[in-house]
Amino acid sequence: MTDIRGLGYLRIQTTDIARWRELVVDGLGMAIGTGPEPDGLYLRVDERRARLIVLPGEVDKALAVGWEVRDEFALRRVREAVEKAGIAVEVLSEEESTYRDAEQVIAFDDPGGTRTEVFFGPVLDHSPLVTPFAGVFHTGEEGLGHVVLPTAAFAESYEFYTQVLGFLPRGATRLGGLSAPPPVRRVRFLGVNRRHHSLALCPAPTTGEPGLVHLMLEVETLDAVGQALDRVNKLGFSISSTLGRHTNDKMVSFYVRAPGGWDIEFGTEGMLVDETFYTAEEITADSYWGHDWSGSEPLAAFSPPAG
């Protein structure tokens, strides 16, 4: 059983923070939160001070994926498990933890090179949450949403997240379909709570920036999804995938290209897994309907390195 309770936060760096604000505030309807960097963009969707942190920088990249545990004893168990697996763990100082709005944080690099932070004691903001378009985001016990990470060390990453951190396999999809010749490559979905997956691992040919395939955010109603789709279209953002319903987590969603070359999936009606009966499955189609990717640009994580 895992000590990880859910996706706590995502911290990224961008070369175009103004455009990010247009996307996540004016388009997707996240509220402005607070944080230590005066030029940073702190996005709030619940009682946490910030769930998505966007900081200005010279390159676009994922800075850290933050996973939440129950308390200091759970954090100690995670630290011991990661160190036993031969991965160096940094115990952040009180000042560094405060910067991340948590009581205590540990940090390490996963086998694919993703900077990973595990924390307990998130700082709460008890002021009323007022989102720009009255949207209600689905977080709570299921965490912020899910992230899909590219990794060139796929087998090692899958082993680490399942056998060291205790994520539960929640199925896979075969790249290239059922007719794909061996060796078969799969995207694997991993869960830590009732959300179908909080993490997915995708085999990638390269490593480095931006280090992210997509972030999924879930809202409570289909109307909120449709209205957000209208807004991001009017704001001139590229729609990577049209509206559709996924076969694995049943999410009705669309994908929009964010500055930096990754996507945000914005959806609703995601399934809640009952582990009493669930068995890991391999899906043979991404969606029951919709999710047309034919007009999308290549994701930066799969583009050949410059030079």
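**Largest cavity**

Strand 1 gives the largest share of the lining of the largest cavity, 3 residues. This is a predicted model, in which local features need pLDDT of at least 70, side-chain atom pairs count only at pLDDT 80 or more, and totals for chains, interfaces and linings use all residues. Residues are numbered from 1 along each chain as its sequence is written, and side-chain values use heavy atoms, with hydrogens and water left out.

A cavity is a set of points on a 1 Å grid over the protein atoms alone where a 1.4 Å probe fits but cannot get out, and lining residues have an atom within 4 Å of a point. The whole structure has 2 cavities of 30 Å³ or more. The largest cavity holds about 190 Å³; of its 16 lining residues, Tyr9, Ala50, Ile53, Arg100 and Asp101 are the closest to its centre. Strand 1 (4–14) and strand 8 (115–122) each supply at least two lining residues.

**Second largest cavity**

The second largest cavity has a volume of about 50 Å³. Its lining includes Arg170, Phe189, His196 and Glu281, and strand 10 (residues 168–174) contributes the largest share, 3 residues.

**Largest pocket**

A pocket is an open set of points with protein on both sides within 12 Å along at least five of seven lines. The largest pocket contains about 520 Å³ of space. Its lining has 27 residues, of which Thr173, Val187, Cys202, His214 and Asp286 are the closest to its centre. Strand 12 gives the most to this lining, with 3 residues.

Technical notes:
Grid points are joined across faces, edges and corners, and a volume is the space filled by probe spheres set on the points. Helices (H or I, at least four residues) and strands (E, at least two) are DSSP runs, numbered from the N terminus.
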